[in-house]
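Please inspect the sequence and the model before reading each solution.

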Amino acid sequence: TDGIRRGVDALLAVDTEVVLLEVPCFDPVDGGGLTAKAERGERWRTDHITDLMRAVASTYSDGVTMLGPPAEFCDDPSVGSEVNLRWDGLHYGPLGGAFIWGRLVDDLLAIPVDY
């Protein structure tokens, strides 16, 4: 939590709104010369990181928002394991970034900004 807090504080110090994205489900596969580690696909691990981010975010009165990831990563196996979106089942490539942006842009634009 200390690292999350330092990052949030650094962004808030330059008058920036902060959005933390909950960790999506992972479906690790071998890719990019890396061998998949099954524990990275254990949902309780990603839920724990999300819980830590939520705990940090809740300590700020404003300027910090949590958003959920696109549900498809957890609910649709054809998306969650699509290597063109996440080449190793974890890290986003260009198509994965566009996929997430396309699903989050409306949520991001709906966040009230305090100028």
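## Salt bridges and cores

A network of salt bridges links Glu22, Asp51 and Arg54; a salt bridge is a side-chain nitrogen of Lys or Arg within 4 Å of a carboxyl oxygen of Asp or Glu. The model is predicted: local features need pLDDT of at least 70, side-chain atom pairs count only at pLDDT 80 or more, and totals for chains, interfaces and linings use all residues. Residues are numbered from 1 along each chain as its sequence is written, and side-chain values use heavy atoms, with hydrogens and water left out.

**Exercise 1.** Characterise the salt bridge between Arg54 and Asp51.

*Solution.* 
- Step 1: the N to O distance in this pair is 3.2 Å.
- Step 2: Arg54 and Asp51 both belong to helix 2, 3 residues apart, about one turn of the helix. Helices are DSSP runs (H or I, at least four residues), as are strands (E, at least two), numbered from the N terminus.
- Step 3: Arg54 is partly exposed at 37% relative accessible area, and Asp51 is partly exposed at 42%. Here buried means under 20% relative accessible area, exposed over 50%, and partly exposed in between (1.4 Å probe, protein chains only).

**Exercise 2.** Describe the salt bridges of Asp47 with Arg43 and of Arg45 with Glu42.

*Solution.* 
- Step 1: the structure holds 6 salt bridges.
- Step 2: Asp47 and Arg43 meet at 3.0 Å, N to O. Both lie in helix 2 (residues 43-57), 4 residues apart, about one turn of the helix.
- Step 3: in the pair of Arg45 and Glu42, the closest N and O atoms are 2.7 Å apart.
- Step 4: Arg45 is partly exposed, with a relative accessible area of 36%, and Glu42 is partly exposed at 32%.

**Exercise 3.** Which residues make up the largest nonpolar core, and which element gives the largest share?

*Solution.* 
- Step 1: a nonpolar core is a set of buried Ala, Val, Leu, Ile, Met, Phe, Trp, Tyr and Cys residues joined through side-chain atoms within 4.5 Å.
- Step 2: the largest one has 9 residues, namely Val8, Val18, Leu20, Val23, Met53, Val56, Ala57, Tyr60 and Val64.
- Step 3: strand 1 (18-21) and helix 2 are the elements that give two or more residues to this core, and helix 2 supplies the largest share, 3 residues.
- Step 4: a second, separate core of 6 residues includes Phe73, Leu85, Ile100 and Leu104.
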